Amino acid sequence: MKKTVFIIAALAAVLVSCEKNDKADTPIQPKQGEYVGVVTVTYQGANYDNNDINVDFAPNEKGDSASVTIHQIRFVPQMPVTIDITIPGIALNSTDDKIALKCDSVIPQAMGGEVPRYKVTGLKGEIVDDELWFSLNFGSFPTSFRGARLKK
Amino acid sequence: MLLLRTFASAMTPMVLISIFMAVWPLEDTLALQLPSVTISALKERVPADKVASSMSAISFQSIERSSTYRPNALSSVVPGLHIPDYGASLTSTIYLRGLGSRMENPVMGLYLDGIPVIDKNAYDFDWEGINRAVMLRGPQGTLYGRNAMGGVLSLSTFSPCDDYRPTVRIEYGTANTVRAGLSFTAGKNALSATFRHTDGYFKNAFKDEPCDPYDGLALRWKRVDCSRERLSVTNILSVNVSQEGGFAYGLWQDGTQYPVSYNDESGYKRLSVIEGYKLHHCADAIKTYATVSLQFLADDMMMDQDYTEQSIFTLEQKQLSGTGTIELTVCRADEDALWQPQTGVFSFLRRNRLTAPVTFKRDGIEKLILANANGHIPGDIGRLAISDNEIPVNSDFMIDTWNIALFHESVLNLDWWVLTAGIRVDYEVGAMDYDCMARLHYRFEPVMNRDKELTVPYEGVIRHNHMEVLPKISALFKASKAVSLYSTVSKGYRAGGFNTQIFSDILQNQTMNATMADLGVYLDKPFVSVTARNTEYDPETAWNMELGMRLSHGSFSAGISAYRMDVRNQQLTVFPPGMSTGRMMTNAGHSRSMGVETEFDWISDRLRSHLSWSWCDARFVSFNDGNNDYSGNRLPYVPEHTLYLNIGYSFRLGNNTLDTDASLRGEGPFCWNESGTQREPFRLKANARVALVLKDWELFVRADNLTDKTGRSFYFKSVGNEFFASVKPRIIMTGITIKL
């Protein structure tokens, strides 16, 4: 009887051990989500914060690429409008604890078409747990975002 | 104090006449009968001379002599009544005692042979065979309910029971105007028909053609069956069909009045049918009156709504409405009893399908939409372009209205006093189902390289309900057979409703915001307008306090009254600021009006004279539209004075007669807007008529606006521009009336 209990306990320990190992080896599957946070635009050496900005993160089916849409961003305080701007073709690299975002150069979309004047360069960022951050240059505007996933 | 001074001034001649009559031998006074005492009002269960209310009665003869064949001809004839003659038949704008507005519900109830005309678009029709017009002035809410807050006009056509000779009339005159009429009785039936054509009195300079031609036909049939001892049944059928141009509005800019000149099609077509039954049953103890009617109206208005030579925007408004009304009243059969109570119930249900598509044309797209939108968008971001030559904004409405009322009025008929007290509880439910949509093709340059279609729907339902309690108390003192004094305190109300004409503005702004949202561009100052919820407006209520006096002596009769009205939720047509395309009814806080109204008649064998005069001081007590405070200012469109003076004399030419009549009609001064910056002085127009009257026929010539006086009859704003309608020029008509 003692032998049987020992074998079951040992098997259970092995199974638990295997489960842990399996999880550690699986990269995070990117999920579509909405994040709310602060967009900071650097203009003439000063930082300008856009608070409570919604950002849509939309990965493709394979999970290796995504687009990010920043809603109602204002690049400079004196800009009389806010715009939605979408950055397509961001490469994703998922690991077991984060998703890395990277895009060297892409023309974003806004106002119904491509906007070369806000060309995106040097985009890099991460999704860790429920937090998203990224930084990039919108044309000549260094911009960053940090926000949390909106829980519905 | 002003009211008291004016009332005292107007009363002085009345008091002198009263004193004169007091010393006149009583026998003579008793022998004289005021013509009006034989005239009964509509729902009052006592003779008209015991009604404690201001009343004007216009006889068949006066109607014929003054060629009163449309309601607006009663302007100034009824003191204080102002119905400007402009626009088209649907613009039955009525002002009375400082009350009134240019759109939506009227301040005057209209009854045709006892049938209430519910739809204001059917108010303006050609009269023929009208035997009598009686106007009760002041709130008549207790017996007549909604919209009778300024008064009630009751038109009675000839009855088959009347001693009436069949009559044919035809007249012709200025602007190829032809008016022909026929009325006769046959057995239990009375029939009348009238046709009117005119080429129009105003020219559209852009099209080089008259802009206000008119063709209209009106038919009326009345059947009275009194064959049963206790029951009489009256059937009334009224059919009016017309097609006309209209909207003779000229631009007013930098102090210059420009001629009427617009490029898009404008006109109005209407078919109106009213079918009603009246039953009167007399039992031993009680009398029962029942009135049932079905009313149908189909009309189609097309309007160049910018009224300019530019292609800015047009409106086509089609209405298809059906209404059913029912009223049941019971009262005491013994008319000589001391106490005369009556109790009744009234209800109507109206369904109105209204389609009002607005089309923005190329100039309007550039000026109203693109200029507005691109004015908000920084140039370095881009600019909006719309490729459409026309943007249709479809607006469909289904408006249902249901009203039910219970009322009671008791009259205590004492020797010297007639005391009246009444109350009405009026409950009304309204619902507007709106279904609007705009569609356009836009491009945001230089980002977009091709057009994108955008559809903007806007739909929903708004409901409201209101209950009004309308009390009345009055006392009439019969100082003698010839002199009576009365005092009345009463409340009336004008129904609330929904603004449909502002939806073009709402859709225009909704479309711009939707376009921006579709682009992902958000303006710091978005296009703002009212929402559908704001298109609802409340009932307007008025308390009226009135003192009056009536007297008669032989061929002389007179009436004078002084009133003060306190108006809450004053309904006022306003034009939203800026380049707005719509107009809307709003409740403008609190206003009051006070005034004096007088009428004098002296009719002898050959000489007849009539004088009507009114003074009205109507002002906002408190009205702030969010931009300006208009408190203390005069209410727009309300004439401070109305005046009508008619003198006629009949010369005997053997067995024949030469009738001559001359009249002066005046109204004003007016303020055209709330701020009082646009004003119109008091103006008088002269009219004249000469008729050779033989036994069976009559030849006549008449002239309206004999001196061809110019003036302005109406004012409004559209797309930031100001417009005036001019008074009609001199019109001379000649014709013949044959009595068969």
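Which residue of β28(B) does V81(A) stand opposite? It is L523(B). This is a predicted model, so keep that in mind throughout.

Let's stay with that pair for a moment. V81(A) belongs to strand β4 of chain A, residues 81-94. Three bridges join β4(A) to β28(B), and the two strands run antiparallel. As a general point, strands of a sheet pair through backbone hydrogen bonds, either parallel or antiparallel.

Now the whole contact between the chains. Chain B puts in 15 residues, and chain A puts in 11 residues. On the chain B side, strand β28, residues 521-523, gives the most, with three residues. By class, that side has 10 nonpolar, three polar and two charged residues.

Next, a sheet inside chain B. Four strands form an open sheet, in the order β16-β15-β43-β42, with antiparallel pairing. Which strands stand at the edges? They are β16, 256-260, and β42, 712-718. Each has a single partner strand, so one side of each is left without a neighbour in the sheet. Neighbouring strands here are turned by 30° against each other on average, direction ignored.

Six bridges join β42(B) to β43(B), residues 721-726, and the pair runs antiparallel. One phenylalanine faces another in the pairing: F716(B) has F723(B) of β43(B) as its bridge partner.

On to β44(B), residues 731-739. Seven bridges join it to β8(B), residues 167-173, antiparallel. There, G173(B) stands opposite M733(B). Eight bridges join β44(B) to β41(B), residues 697-704, also antiparallel. In that pairing, D704(B) has I731(B) as its bridge partner.

Last stop, helix α5(B), residues 362-376. How far apart are its end C-alpha atoms? They are 20 Å apart. At 1.5 Å a residue, the 15 residues should span 21 Å, so the two values agree. The helix does have a kink, about 40°, centred on L370(B).

Which residues of α5(B) are buried? G364(B), I365(B), L368(B), I369(B) and A373(B). Keep the helix geometry in mind here. An α-helix has 3.6 residues a turn, so residues three or four places apart point the same way. And what do the buried residues of α5(B) pack against? Four strands of chain B are on the list: β19 (313-332), β21 (358-361), β22 (383-386) and β23 (390-413). Helix α6 of chain B, 503-519, is there too.

Key
Residues are numbered from 1 along each chain as its sequence is written. Chains are lettered from A and ligands numbered from 1 in the order in which they are written. This is a predicted model: local features need pLDDT of at least 70, side-chain atom pairs count only at pLDDT 80 or more; totals for chains, interfaces and linings use all residues. Two residues are in contact if their C-beta atoms, placed from the backbone, lie within 7 Å. Ala, Val, Leu, Ile, Met, Phe, Trp, Tyr, Cys and Pro count as nonpolar, Asp, Glu, Lys and Arg as charged, and the others, Gly among them, as polar. Two strands pair if DSSP finds at least two bridges between them. Axes are lines fitted to C-alpha atoms, for helices over the stretch in contact, and angles run from 0 to 180 degrees between N-to-C directions. The expected span of a helix is 1.5 Å times one less than its number of residues. The bend at a residue is the angle between axes fitted to the seven residues ending there and the seven starting there. A residue is buried if 20 or more other C-beta atoms lie within 10 Å of its own, exposed if 12 or fewer, and partly exposed in between; C-beta atoms are placed from the backbone.
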